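Have the structure open as you read.

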Amino acid sequence: MSPGRPTRAVALLAAVALALAACGGGGDDDARPEPGPRPVETAHKLPKLKRGWDPRVNRRAGIAIGEPPGWTTRNRGTTTILRSPDKLIAVTVTPDRTDDAHDIPLEQFAARTFVALSGFEGELRPSEPRPFKSRYPAVQVQGRGPAADTGVRQRLRVVVMRRDALVTVVAVIAENARRADKVFSRNAVDAVRTIRTRPVGSVPAG
């Protein structure tokens, strides 16, 4: 059986857009209070990475993440994609700095993003939101679904974290449910825990 591609890079972008439309659209803009001034975003340094891990920064997205040994990282605009050495696991990370994103509760954002993931057959049903340990307040939902192009069943995890009123970060982990290496699975979760935000366009210190 072909391992299949865990997810398409555009799937998360579509999911986030749909989640925002479903959660934030249709309201009476006149009834919403004017937002106050946002705090100034500063660069949060990556935590001390494990031996063999490398720092990766997406300046257009304003995020940094630790890359596990042997993994590859590619930036596509404001989306960062990490892939395991065997290509059976993908981690897709996208930040959102819009007011609409900040207004959506994390639990709702995570669940609706999961349901909106494209590239899978049938209806995706997320688990109940649970806390996710990270630098920022975060929740996660999990579930499974077969990839539309290969039929290979995927194990899916959506993590949504928020740094104050500055940025909401969505991370999707998709992995082959039958063949993904357990070490690589742990690497994927640990990589998401390293995510830090910084001003868009900032140059890493050092």
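## Confidence

This is a predicted model, and the protein chain averages a pLDDT of 85, with 80% of the residues scoring at least 70.

Two stretches call for some care. Residues 1–14 stay under 50 in pLDDT, and the model gives them 44 contacts beyond four places in sequence. Residues 20–28 also sit below 50, with ten contacts in the model beyond near neighbours in sequence.

## Helix H4

H4 covers residues 182–193. Its twelve residues, at 1.5 Å a residue, should span 16 Å, and the end C-alpha atoms are 17 Å apart, so the length agrees. At the start of H4, Asp181 puts a side-chain oxygen within 2.8 Å of the backbone nitrogen of Val183.

Which residues of H4 are buried? They are Phe184, Ser185, Asn187, Ala188, Val189, Ala191 and Val192. These buried residues pack against five strands that you can pick out in the model: S2 (63–67), S4 (79–83), S5 (89–96), S8 (153–163) and S9 (167–176).

Asp96 counts as buried because its relative accessibility is 10%, under the 20% cut-off. Its side chain makes a polar contact with the side chain of Thr98, at 2.6 Å.

Conventions: Residues numbered from 1 in each chain as written. Heavy atoms only, no water. Helix = DSSP H or I, 4+ residues; strand = E, 2+ residues; numbered from the N terminus. Expected span 1.5 Å × (residues − 1). Buried < 20%, exposed > 50% of the residue type's maximum accessible area, 1.4 Å probe, protein only. Contact = heavy atoms within 4.5 Å. Polar contact = N/O pair within 3.5 Å; in protein donor to acceptor, adjacent residues only side chain to side chain. pLDDT = per-residue confidence, 0-100.
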